[in-house]
Amino acid sequence: MDGTRRFGCRLKLYPTVAQAERFAVWARAGSGLRDLLLERDQACFEETRGHLSLNALRDVTYEFAEGHPGLDWPAHSRNQHARDHAVAVRLAFRRLKAGKRGRNVGWPVPRRSRPTTIYVHNQTLKVSGTYVRLSRARHGWTRYRGTIPAGRILSGRIRHDDTAWTLSLSMEAPVPVHVAPRRSACRVTLSPGSIVMADNRRTRSYSDIASSTTDDRRLARLRRRVARRSWRCTECGNLMRSDRRSGLLAGDKRQAPCGHWIVDYEKTARLRQAETAVRKLTLKNRNRLKDEIHNVTASLVRNYGQIGVDVRAGRGTATVDFLHQIAYKGSWYGREVTLRGTAAQAETGPEANGANGRGDLA
């Protein structure tokens with residue numbers, strides 16, 4: 001190891017109305033720049049059967065900047081969009097070459113959903129207490145919620161999901177100093193619904209990690225609410241319940257009872273609110289599960305020098321997190337981590353000795 005490690009963290013931003021409007025303008029500018037890059041690259045492909053160079057893509061970004069003089073958009077953010085587009089094009093052509101589909105298959109890069117990412121350079125990002133600021137943006141300090149770990153900020157991305165603005169940071173920090181373990185070895189068993197740790201002194205079960213009965217019941221109630229909400233026909237205003245619409249789609253019937261196609265239906269406000277509630281609760285449960293697994297894996301690598309993991313669960317989200325965390329934390333602290341079980345072997349192979357397997361605790 002080179003003595004440093006890279007990791008990421010995510011913060012929730014609370015911008016003012018003016019700051020949120022500025023972020024939205026920059027996000028739309030990124031969408032427009034991506035569309036322009038895609039258009040120019042596709043035109044180049046139709047003429048030369050190749051793609052634009054990185055310098056040519058940067059020229060397009062300069063042209064876009066000159067056409068929007070009042071945008072006040074950082075140059076590194078524009079250049080990062082150009083680099084991302086160049087990487088996407090190269091990967092698309094590489095997949096074509098690997099599949100041996102020939103050169104006359106047409107433009108291989110599909111038009112994807114509109115991006116809402118704002119790239120942030122570490123030299124422009126200032127942090128003070130519970131506020132962050134883009135020094136060249138001249139829009140003031142933005143309050144955030146979360147904890148920034150100790151380390152050096154490399155870059156960041158501001159994006160907007162269905163509920164709020166978030167700032168994702170890429171950071172670098174020294175590897176923790178190897179600390180002598182308190183005990184020699186332990187055995188961890190990953191079973192469906194629980195994690196059991198046993199050593200020569202005691203046995204401890206973490207049976208409440210997999211799920212919360214209260215949250216599960218609430219999530220089921222919210223999903224039933226989504227099924228009862230309606231879609232509205234854009235032609236005649238007719239309402240159709242979500243479960244009825246799902247049944248028509250499952251039966252491969254595209255025509256609604258009103259006679260119009262299902263694609264002409266739009267979500268009502270109550271349906272959007274119910275779906276947002278489901279997404280927020282799902283994200284909350286996911287974060288709670290990951291945080292609890294972090295606590296368990298951190299305790300294991302700090303206290304034990306040899307950790308044997310017996311995977312008896314399927315390949316699911318919880319076991320993915322556990323095996324991934326026990327692998328890199330064991331590497332940080334110099335611990336020996338061994339895996340057993342068919343689920344672990346399916347992902348890591350019989351020769352692997354790290355924790356990259358998958359499992360399902362829920």
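Visitor: Which residues is Leu-169 in contact with, leaving aside its neighbours within four places in sequence?
Guide: In this predicted model, Leu-169 is in contact with Phe-7, Gly-8, Cys-9, Leu-11, Leu-125, Ile-148, Ile-153, Ser-155 and Gly-156.

Visitor: And which residues have the most contacts inside the largest nonpolar core?
Guide: Leu-169 is one of them, along with Leu-13, Phe-23, Leu-125, Ile-158 and Leu-167. That core has 32 residues.

Visitor: Which elements each supply at least two residues of it?
Guide: Helices α1 (17-48), α2 (54-67) and α3 (75-99) do, and so do strands β1 (4-14), β2 (117-121), β4 (131-134), β6 (152-160) and β7 (165-174). Helix α1 gives the most, with seven residues.

Visitor: What else is there in the way of cores?
Guide: Another core, of 24 residues, lies apart from the largest one. Val-188, Val-301, Ile-326 and Val-337 are among its residues.

Visitor: Switching topic: is Asp-310 buried or exposed?
Guide: Buried, because its relative accessible area is 17%, and the cut-off for buried is under 20%. Asp-310 sits in strand β14 (residues 304-311).

Visitor: What does Asp-310 touch, not counting residues up to four places away in sequence?
Guide: Arg-187, Val-188, Thr-189, Leu-190, Arg-340 and Gly-341. Val-188 also belongs to the 24-residue core.

Visitor: Which elements have the lowest and highest mean pLDDT?
Guide: Helix α8 (residues 342-348) has the lowest, 51, and strand β11 (residues 230-233) the highest, 92. The chain averages 80, and 85% of the residues score at least 70.

Methods: Residues are numbered from 1 along each chain as its sequence is written. This is a predicted model: local features need pLDDT of at least 70, side-chain atom pairs count only at pLDDT 80 or more; totals for chains, interfaces and linings use all residues. Side-chain values use heavy atoms; hydrogens and water are left out. pLDDT is the predictor's confidence in each residue, from 0 to 100. Helices (H or I, at least four residues) and strands (E, at least two) are DSSP runs, numbered from the N terminus. A nonpolar core is a set of buried Ala, Val, Leu, Ile, Met, Phe, Trp, Tyr and Cys residues joined through side-chain atoms within 4.5 Å. Buried means under 20% relative accessible area, exposed over 50%, partly exposed in between (1.4 Å probe, protein chains only). Contact means heavy atoms within 4.5 Å.
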